[in-house]
Amino acid sequence: MTFSWRRVRAIAVKELRDYRRNHFIVATMTALPLIFITLPLVQVFNAFGHLNRTNLNLHVGLSMLYMLLIPAFMPSTLSAYAIVGEREQGTLEAILITPIRREELLIGKALAALIPTLAIAYAVFGIFLAAAALFAQGDVVSAIFSGTHVLVQLLFTPLLAGWGIWVGIAVSTRSRDVRVAQQLSTLGTLPIVAVLALMSLNILAVSAAVAVAFAAALLVIDLLAWRVVASWLDRERLVSGERGRRSRLEAPTAAVTNFEVVGAGARISLVRKSNVVAELRRQPFRVVLDGVDVGSIATKGTLEVPTGPGPHTLQVRIGRYSSRTVRIELADGEVAHYRCSGGVIWPLYVASLLKTDLALVLTRA
Amino acid sequence: MTGVKRGARSFAGSADQPAIVVEGLSKRFERRTAFEDVSFEVGRGEVFGFLGPNGAGKTTIVRTLGTLLAPSTGWATVAGVPLLPENGVVIRERISIMPESPGLYLRLTVSENLECFAGLYQLDDVTQRVARALRAVNLLDRAGDLCSALSKGLRQRVALARALLNEPEVLFLDEPTSGLDPVASREVHGLITSLRERGVTIFLTTHRLDEAERLCDRVAILNTTLRLIGRPDELREKLFRQSLEVRTREPLADAARLFEGRAAVEGWRELSPGVYALAVSNHDLAAPDVVRALVAAGVDVLSIAESRHSLEDVYLELIDEDVEARRR
Ligand SMILES: Nc1ncnc2c1ncn2[C@@H]1O[C@H](COP(=O)(O)OP(=O)(O)OP(=O)(O)O)[C@@H](O)[C@H]1O
Ligand SMILES: [Mg+2]
């Protein structure tokens, strides 16, 4: 079976038709360009009069850099919907039972985010150039059109968009919630925005070498990301949410009592509650006492674990995510009360992807 | 590619070959077995009904045969093609599934929805195909409506039209009439009948026993494992011994003496005072003998009748057995 552009087009056309009637997307596509063209125009017309030639060149470059925020932000907003949006609408299964290949689906989705981004980013840039050429002072105009500014702008627009698209789709294949996908994917564009910011604050000098290295890095990342994301678009995984997920929760759910209970014994009493409406991780937690899985605790649940006096360690986990390990010193006959909850704010959620013991919270009650 | 051995072309799908062959198929999720050791065959042009309670594994089996999920064990061919990962595209081209939820793009019109899928199937004459599919489900006049403006039943029909677009050899319908009013259901039934006349094999899952009884050539009852398979009338016979229902004016004082030892009577029980159910091996032998005994004992017989069991009885009986087996 060969790659079919017909199927790619079917997906892309469908997406573009869908955007047209999606108020949120229409609003974003209108607002972003307005926001990101105002400042550069103001600068070009007002602020540059007093600058000498080198400084002028630098500032022209920076205000054009500012317009690159459009391709940095917009595609990630669009593509965050790509898979999880289909899932929420219940259309994912309908798509997957057709002969479409995962690469075709992926390219169709990517084009649907790339085309409007390029159209808007280049249109905004065109308007900027036209306005500058017609109304700006002569030396500002020559600063804009001499050198590599225009070329850089044309080149970086699709490269940055590529980053946003792959981050968005990657997040989208993995999440079960459109809102979370949106937040994560916006967050995923921050590294790029950070680099742009460093350049504009002149901390990272925008030399030709830096620009070329940056472009090359983006190109490589875009190409690699495409392979990785394609491999995630596996039918089994998309439909059932399973594959590659090892069986993590195989331990028994009842509390085990293989502890030597000395004297009157001691107990640990654990409740699970959070102050907010929605925890981001809602599965039952495993409770680990002294390195041994002693039971599970569901949302709003409680668990009593009998044990002996002396030093203990306590932790709650879901799969690879966990709380910090808490050290406890129990006296004879003591009942220690603890409470646990899932992470509730997304910066912490994101941080926990790297440092996995930030995901859950376990504290003495 | 090893396409010569297993590729698309070698499966011509001859007419005498069954449309679906399933042998010892199981699907286990991480923590749950959806279905286990299921075997059956569906002939070409047959309407095959798949019954089972919620969570029995019906949808999972449709997804497995539709190449969305890989089976854990077992073997199957669908539309004459072995169910192997490398045959996914070929199978998907030959079949179509109408899933449990219609899954339409609500911000697109009816015809825009179908055009997208016509593209995914790489069909020629998109406009004509879309029109034909919509005509088949009686929706041609709503082609320009946004799907969000359609009622549940109409959305279901759009999903059905979408499933007809690629003119599949095997059509999987996952509860096609759930949530439809009687008139809409009847239309779907009519459509299924006309598809069958055109030789399309139909694999239908349903909760509605009357539907299965009316439409299906054969039905299978699934409850994780396959419990029973056969023609609806066969199933009734297989599961229930024939029985007689006897009504008397007064409750019998000595029912045991009257019923036991009569010709062809294998057992009896009192359903309510004065109403008795008799399990019999042969209705024609049992009825006259029972009547004779009752009359001889001076009992006023109000009626004596052969009990009739619908498929629903068969189904409920089976599922109850499962529930009891689990309790033990
Ligand atoms: N992706 C999945 N992961 C884990 N378990 C699943 C998954 N999909 C289905 N199951 C389980 O497999 C079993 C069979 O589910 P399935 O949806 O096939 O039932 P069904 O017969 O279609 O039920 P219904 O009549 O309610 O539609 C259920 O116990 C279900 O919980
Ligand atoms: Mg189902």
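Q: Is B:E100 buried, partly exposed or exposed, and what is its relative accessibility?
A: B:E100 counts as partly exposed because its relative accessibility is 40%. Buried means under 20% relative accessible area, exposed over 50%, and partly exposed in between (1.4 Å probe, protein chains only).

Q: What should I know about the model and the numbering?
A: This is a predicted model: local features need pLDDT of at least 70, side-chain atom pairs count only at pLDDT 80 or more, and totals for chains, interfaces and linings use all residues. Residues are numbered from 1 along each chain as its sequence is written, chains are lettered from A and ligands numbered from 1 in the order written, and side-chain values use heavy atoms, leaving out hydrogens and water.

Q: Which protein donors does the magnesium ion have?
A: B:T59 (OG1) and B:E100 (OE), lying 1.9 to 2.3 Å from the magnesium ion (ligand 2). Donors are N, O and S atoms within 2.8 Å of the metal (3.2 Å for Na, K and Ca); water is not among the atoms, so sites may look incomplete.

Q: And B:T59, buried or exposed?
A: B:T59 counts as buried, because its relative accessibility is 16%.

Q: New topic. How many salt bridges are there over all chains?
A: A search of the whole structure finds 33. A salt bridge is a side-chain nitrogen of Lys or Arg within 4 Å of a carboxyl oxygen of Asp or Glu.

Q: What does A:E86 pair with?
A: A:K109, with the closest N and O atoms 2.7 Å apart. Both A:E86 and A:K109 are buried.

Q: Which residues form a network of salt bridges?
A: A:R17, A:R20, A:R21, B:E112 and B:E115 are linked in one.
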